[in-house]
Amino acid sequence: MKEYLVDIRNERLSFFTPAGEVKALNDVSLHVREGEVLGIVGESGSGKSVTSYSLMGLTAHPGRLVGGDLYFNGHYINEMSEREMQKIRGNEVSIIFQDPMTSLNPVFTIGNQIREVILLHTNKTRKEANDRARELLQLVGINEPDKRLKQYPHELSGGMRQRVMIAIALACEPKLLIADEPTTALDVTIQAQILELMRDLKEKLGMSIILITHDLGVVAGMCDHIAVMYAGKVVEYGTTDEIFYQPSHEYTKGLLRSIPNLNEREHKRLVPIEGLPVDMLNPPAGCPFAPRCRSCMKICLSSMPNYTQVSDHHSSACWLLDKEKFERQAEGQA
Amino acid sequence: MAKYILKRFMLAALTVFVVASITFFLMNMVPGGPFVAEKSISEQAQAALNEKFGMDKPLIVQYKNYMLSAAHGDFGLSLKQRGRTVAEIITSKFPVSARLGGISVVLSLLIGIPLGSIAALNRGRWVDDLIIVIATCGIAFPSFVICTVGLYIFGVYLGWLPTMGLTTPLHYILPVFALAFYPTAYITRLMRSSMLDVIGQDYMRTARAKGLSQHVSLFKHALRNAILPVITYVGPMLAYTLTGSMVVEKIFVIPGLGGQFVSSIMTRDYTVIMGTTIFLATLVIMMNALVDIVYKFVDPRIQLK
Amino acid sequence: MAEKNLVSFQLKVEDFLPATDAEKQSLTQMRPGVSFWKDAMRRMKKNKVAMISLCVILIIMIFSFILPSYYPYHYGQQIQGSEYLGPMTYSPQEQVRIDAGEKVFPHILGTDNLGRDYAVRVMVGSRISLSVGLIAAGIILVIGSIYGAVSGFFGGWVDLIMMRIVDIIYTVPDILLIVLISFALKDPMQTLAEKPGFAWIQTIGVNLISIFLVFALLYWVGMARIVRSQVLTLKQNEYVTAARALGAGSGRIIRKHLLTNSIGTLIVMTTLQIPSAIFTESFLSFLGLGVAIPLPSLGSLASDALNGLNTYPYLLLAPALLISLIILSFNLFGDGLRDAFDPKMKS
């Protein structure tokens, strides 16, 4: 347990809405070591954001942890009080959100919002906090920091706002940075800059990152490990190379197949993943991906697959792997 | 910014001018004109008015004379109250209404803002439902209903509170309550929906992610944003308080300007009607302009260069 | 549906056979698509408060428009000797008639100072208030939506000028002007009413006409602004460009495409205008600027009742409660409509 900075085991989390219990997370396990970058990949509704929010105790209202254990930096999150959580938020673990346009409070200056988190978690004076804020703005690549500190969010561009968010997140030198779709709302060129910035900062500060995205291109250059999520479950988990070059789960394969290839000279049809996302109010008994899977078998519809270890760091939850094992056993006996 | 202030005041001034002109011409639609010779008015007063506004001269000239005098605060003599100038009447009655109105505006804000916030924070629970019900009734019941029912219950039936005049602090309770009822309810509803809107915003999530407690994030981040729509309501609220005072002052027999307006209509005291209208209209229009300008200062998103 | 797998269960060869499309289909449920109106109606029906308000409104409508025709008393009928009767009591003269075997319909809400049955006066009073509300809302709807649609659709300097006018009207304190206009129109209206063909002015009352006039002149601005902003948003949509490309004229576009899409908002706004118009009318009637006697209005009934408040409180309570009920139900119903049409679900 101690070897991991983040250790989530068998997490189950549901939202108790008026319409019924939405089972958002259905047995999710993942871990991150110090200095590592984990990418969580999945569609909207797969539970990727929910997992990280639960780590920070930021689960939105009708949601509740229903099972599993969450460990972070020596803390047992399940049993921490709100007060204790407030001490580590923004301090040991920080998060940056998807939409920089709306994540900053429009009526306060940039300086105010950065100073706020510094003054909250440290004993610095206002002047010291301001100096630190200036430092941070330079660190994230914003020029004319003194001018920016006095400006309001609407006076900055999207890319700059996201940098400010990063500055706020790094202010107290957290061990873990959670980046929830940090570049989705930005232009592609800005996207590249932000990712570059995050890479640099990770090297400089030695912090861990959980990078949440639906974009495979983003994880390719940044992450050490990748967890692929679908319908509240981690369906495949492995190193970046393993996921990209030896994908094991049909969903992962589908995702990779659907990436259009810019180098194709001929006109080829795009290959989407057929079917519709799962209804989380009434999740099916079997593998959640089954109805959309081209290799779906009868057992996939009726029972949830187990995790099969494909290699040291690579696991996948798919009945096809069990089928292989089964066939090998049968052959062995024959 | 300065350009906006200028534009806003020009609009206000234009509107005042329009209202004053409309008032003048409307009063002249009455056969004989506003300064008609009535039996109840004294000879001297009649002569003075004729001379001042040039009754025999063409309408346009009368209009010009009247507007010029009005701009100096001179609205002529009252037709029904002997020897008093309209300006005198206004200056003696206005402070009463101002005090009453001022107290009720402050009260509405002091009660409405917290109440609305509490409702928003307890959304879906019984506190919220209760507050919504009270607030909805508050905006539905006409002011004269609140006044008369309140008067009946507390003044007549229970006999706890005085029903007329404004001599002791106790006398203020019923009129202020009646006048503040609608604005308080409106502000409560407004604050509630504004707060609900703000609480759902992303920057509130950011605030919590920084490690701020519920209290701080609400008081610092949410309130500051949620209160903006309420500021825009202050303008219309002042206008409402003005008109509401007509009913309240009539029912509770309070010697204020609203009541004066109504009674001068009943008694056909044209000069007073005109003077009061112009005065009140100017007041409301100017205050609205002021509130608009203040709002622009407060919301940094709308910084006009 | 089985949640957990059996602890030890045997895998069989058949389990690994590919699943058929039919088997896969059975697991994906598509929720049926619902049309905009059906969806709104559904939400509406679920809203208990709004449904109750609707029932109350209907009951009051029956009460005001239908009942008086079947009622044994007329609102202007003054019965000698029956002044100031309490609810459900009889005057000595009536008592004599009852003893003689005659059936005398009770005065459910008593009588007023002129011996008029109060219940029927309250009924007719609410009829007047409701009519004013409905007609005024109609006027506001027609003028406001046309003005706003034209202004928003044509844009440019047409829009600019029209909106400046709206700004000025908006800034004017309405009550002051209403009072002034009602007052100033009184005498000219009177002379007009004496001319042939205009006698109806007398029955309705000068003040009421003035009220309608003022609504037509001043109150439509709020509606105009909302319609204009709706039109501005919808104008951007592609189907407008498509319609133009097919040769549709401006009038047709406004009518068919823009207005039909704003109907939801229009319905809600109009419904919410009704109580506010009734509010204003009762306010004016209370000040004595409402309908002509002997026509009662809930506002004027309440005003008259003030005089005898100490001894005859029921004369005040009936109209006061009724008008509050009317305004409240319309407000709640309007709120319910707004929630039903608003795609942004609050939950």
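**Notebook: salt bridges, cores and the B–C interface**

The model I examined is a predicted one.

**Entry 1. Salt bridges in chain A**

I looked up Glu181(A) and found a salt bridge to Lys48(A), with the closest N and O atoms 3.4 Å apart. This pair links distant parts of the chain, its members being 133 residues apart. Glu181(A) sits in the loop between strand 7 (176–180) and helix 8 (188–205) of chain A, and Lys48(A) in helix 1 (residues 48–56) of that chain. I checked the exposure of both partners. Glu181(A) has a relative accessible area of 8% and is therefore buried; Lys48(A), at 5%, is buried as well.

I then turned to Asp131(A), which forms a salt bridge with Lys127(A) at 3.3 Å between the closest N and O atoms. The two residues are four apart in helix 5 of chain A, so about one helical turn separates them. Asp131(A) is partly exposed at 28% relative accessibility, while Lys127(A) is exposed at 60%. I noted that Lys127(A) and Asp131(A) also belong to a network of salt bridges with Arg134(A) and Asp146(A).

The last pair I looked up here was Glu203(A) and Lys202(A), whose closest N and O atoms lie 3.9 Å apart. Glu203(A) is exposed, with a relative accessible area of 58%, whereas Lys202(A) is buried at 15%.

How many of the 12 residues of helix 4 (residues 110–121) of chain A are buried? I found nine, so the helix is largely enclosed by the rest of the structure. Among the buried residues are Ile110(A), Ile114(A), Arg115(A), Glu116(A) and His121(A). Their cover includes helix 2 (82–88), helix 5 (126–139), helix 6 (145–149) and helix 7 (158–170) of chain A, together with helix 9 (214–226) of chain B.

In helix 7 of chain A I picked out Ala167(A). Its relative accessible area is 0%, so Ala167(A) is buried. Beyond its neighbours within four places in sequence, Ala167(A) contacts Ile114(A), Leu136(A), Leu137(A) and Val140(A).

**Entry 2. Nonpolar cores**

I found that the largest nonpolar core has 163 residues, and that Ile251(B) and Phe252(B) have the most contacts inside it. Helix 14 (residues 314–341) of chain C gives the most to this core, with 15 residues. Apart from it lies another core, of 101 residues, including Val117(A) and Met297(A). I listed the contacts of Ile251(B), leaving out residues up to four places away in sequence; they include Phe144(B) and Leu151(B) in chain B, and Phe286(C) and Leu306(C) in chain C.

**Entry 3. Chain C and its interface with chain B**

I recorded 14 helices and zero strands for chain C. Of its 347 residues, 48% are buried.

Between chain B and chain C, 44 residues of chain B are in contact with 43 residues of chain C. The buried area is about 3800 Å², and carbon and sulfur atoms give 83% of it. On the chain B side, Leu26(B), Phe144(B) and Tyr152(B) lose the most area to chain C, together 15% of what that side buries.

Which side chains meet in a salt bridge here? I found Asp335(C) and Arg189(B), at 3.5 Å from N to O.

Key
Residues are numbered from 1 along each chain as its sequence is written. Chains are lettered from A and ligands numbered from 1 in the order in which they are written. This is a predicted model: local features need pLDDT of at least 70, side-chain atom pairs count only at pLDDT 80 or more; totals for chains, interfaces and linings use all residues. Side-chain values use heavy atoms; hydrogens and water are left out. Buried means under 20% relative accessible area, exposed over 50%, partly exposed in between (1.4 Å probe, protein chains only). A nonpolar core is a set of buried Ala, Val, Leu, Ile, Met, Phe, Trp, Tyr and Cys residues joined through side-chain atoms within 4.5 Å. Contact means heavy atoms within 4.5 Å. Buried area is the accessible area (1.4 Å probe) that two parts lose on being put together, summed over both. A salt bridge is a side-chain nitrogen of Lys or Arg within 4 Å of a carboxyl oxygen of Asp or Glu.
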